[in-house]
Amino acid sequence: MARSARTLKGKLGLLTSVVILVGAAGCGGGGFSDDKGAAGGSTGEVRMLVNITPNLTKSYWEGLVKPFEEANPGVDVKIEAPTGSGVKDTLPQLLAAGNAPDVVETLMADKVLAPQMLDLSDQAWTKDTPLVEQAKVDGKVYTVGVGQQAQSLVFYNKDAFAKAGISAPPKDLDELTAAMGKLKAAGYLPLQTAGDYVTGLQLLQLSDPSIATKYPDWYQQVNSDQLKVGETMLPLLERYESWIKNGYVDKNALGLKDVGAQTNFLSGKAAMYIMGSWFVRTADDAKPAFDLGVFPAPTEAGQPSPGPQGVTMAMPYMVLKATKQRDLSVKLVQWLATDKTAVQSQLAQDGNFRQGYADNLSPLGRQVQEILDQAPKQVAQGEGYGANTLPQGFNGEWNKAVQSLYTGKSAKDVAARIDSWMGSKS
């Protein structure tokens with residue numbers, strides 16, 4: 001997803017069999033015999049499967065592409081909503097039925113998806129799109145995005161920090177833990193969390209700077225069995241376990257939905273909330289009564305600060321290899337990812353960021369953009385993307401494992417569970 005980390009869904013395993021089905025269908029699936037697909041005409045229908053959310057409604061998407069249609073008479077961009085629980089569920093179904101769309105939004109290419117997608121490496125315009133290099137699969141461009149979502153962010157109540165006597169945001173995890181003690185003593189829940197996807201996601205977001213600093217090639221080392229995920233995460237898991245025991249997070253947090261967690265934080269009950277940059281729009285709309293700020297997730301003690309920033313591609317697009325409208329589909333994706341007005345609309349609609357597009361940001365949004373600009377590098381997180389990936393389903397398994405800390409399991413139990421799961425996928 002542009003919010004794949006947020007939803008923590010891992011249902012693309014179905015695509016393994018779909019790839020076989022589509023490959024066996026050969027030309028029957030796409031109506032062409034070469035690797036680039038049929039060029040198509042200059043007019044016609046382009047089907048685009050998109051993510052539908054409270055922000056990204058079908059009417060928003062239709063309004064977004066209307067200028068493209070007006071600039072290209074005879075072209076109809078048909079917006080298609082997921083028929084399953086999301087794009088991840090719907091695309092495999094459409095591929096298996098031989099009814100794939102021309103363009104898909106939300107997903108990013110991996111070893112399973114790439115064979116079904118058009119190679120865009122020969123498109124010069126892609127080089128200026130966000131994270132295009134990091135998203136390459138086997139050195140080829142299949143996914144292009146509109147912006148970035150910063151992941152390793154801590155939103156905080158400046159008024160609460162002042163009341164607790166904390167003069168500056170913590171730079172390392174020891175300082176963060178010490179700040180939590182002061183905030184609790186001042187009458188605040190130090191860190192707001194929730195059940196659903198939030199529990200595991202927050203810990204992944206918090207881990208990015210430290211892990212990427214200590215192990216710059218962490219994904220490669222994990223996949224080559226030089227490192228184990230659980231072992232490298234154990235110090236952070238032990239720290240989180242202590243936060244639960246000390247009441248720095250709500251021991252009953254698993255019963256809370258993400259919307260409830262946001263409400264608690266924005267109403268001033270909690271002092272900090274770890275979340276991705278999409279939370280900026282929610283916070284701006286809520287207009288909290290306190291002074292709201294954001295700082296980069298702290299690193300381990302002794303590491304440089306700020307550390308690497310966990311980042312995901314916002315609004316990624318791919319063109320299906322099976323399309324009969326190759327040229328029109330590529331033209332549409334180029335427009336979506338490079339037209340200034342279209343880019344600005346998408347960034348604003350879903351709280352995303354891109355260098356050179358800071359003019360219309362809110363004060364909180366500008367803080368996030370500064371964090372992105374000042375990070376020494378940007379790194380993947382969780383299941384990752386491009387060359388930096390873990391097995392599909394990792395995010396969901398990690399989330400369940402972290403949640404077990406609330407039900408009696410120890411940090412060592414969680415680490416062992418994750419390493420056992422990873423071993424079963426090798």
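Select S329 to begin: at 0% relative accessibility, this residue counts as buried, where buried means under 20% relative accessible area, exposed over 50% and partly exposed in between (1.4 Å probe, protein chains only). The model is predicted, so local features need pLDDT of at least 70 and side-chain atom pairs count only at pLDDT 80 or more, while totals for chains, interfaces and linings use all residues. Residues are numbered from 1 along each chain as its sequence is written, and side-chain values use heavy atoms, with hydrogens and water left out.

**Stop 1: S329 and its surroundings**

S329 belongs to helix α13, residues 326-338; helices (H or I, at least four residues) and strands (E, at least two) are DSSP runs numbered from the N terminus. Display next V46, D102, V103, V319 and T323, with which S329 is in contact when its neighbours within four places in sequence are left aside. Contact means heavy atoms within 4.5 Å.

**Stop 2: the nonpolar cores**

Which residues touch the most other members of the largest nonpolar core? Select F155, W218, L237 and M272, which hold that position among the 85 residues of this core. Helix α10 supplies the largest share of the core, 8 residues. A nonpolar core is a set of buried Ala, Val, Leu, Ile, Met, Phe, Trp, Tyr and Cys residues joined through side-chain atoms within 4.5 Å. Another core, of 34 residues, lies apart from the largest one; among its members are L56, Y60, V330 and V333.

Centre the view on W218. Not counting residues up to four places away in sequence, W218 touches I211, L227, V229, T232, M233 and L390.

**Stop 3: aromatic pairs**

A search of the whole structure finds 14 aromatic pairs. Rings of Phe, Tyr and Trp (its six-membered ring) pair if their centres lie within 6.5 Å; planes under 30 degrees apart count as stacked, over 60 as edge-to-face and the rest as tilted.

Select F155 and F279: the ring centres are 5.0 Å apart and the planes stand at 70°, so this pair is edge-to-face. F155 lies in strand β5 (residues 153-157) and F279 in helix α12 (residues 279-286), so the pair ties together parts that are 124 residues apart in sequence. Both partners are buried: F155 has a relative accessible area of 0%, and F279 one of 1%.

Q262 is buried, with a relative accessible area of 15%.

**Stop 4: helices α7 and α10**

Two packed helices are described by the angle between their axes and the distance between the axes. Select α7 (residues 173-185) and α10 (residues 229-246), which pack at an angle of about 5° with their axes 12 Å apart. The two helices are therefore roughly parallel to each other. Axes are lines fitted to C-alpha atoms, for helices over the stretch in contact, and angles run from 0 to 180 degrees between N-to-C directions; those under 35 degrees count as roughly parallel, over 145 as roughly antiparallel, 65 to 115 as roughly perpendicular and the rest as oblique.

To see the contact, display L173, D174, L176, T177, M180 and K184 of α7 with L236, R239, W243 and N246 of α10. These residues divide into 5 nonpolar, 2 polar and 3 charged. Ala, Val, Leu, Ile, Met, Phe, Trp, Tyr, Cys and Pro count as nonpolar, Asp, Glu, Lys and Arg as charged, and the others, Gly among them, as polar.

**Stop 5: backbone details in the loops**

Most residues other than glycine have a negative phi, and most peptide bonds are trans. Select L131, in the loop between β3 (103-105) and β4 (147-150): its phi is positive, near 60°, and the residue is buried, with a relative accessible area of 5%. D196, in the loop between β6 (189-192) and α8 (198-214), has a positive phi of about 55°; D196 is partly exposed at 32% relative accessible area.

End at P306, in the loop between β8 (292-296) and β9 (309-314). A cis peptide bond, with omega about 0°, joins S305 to P306.
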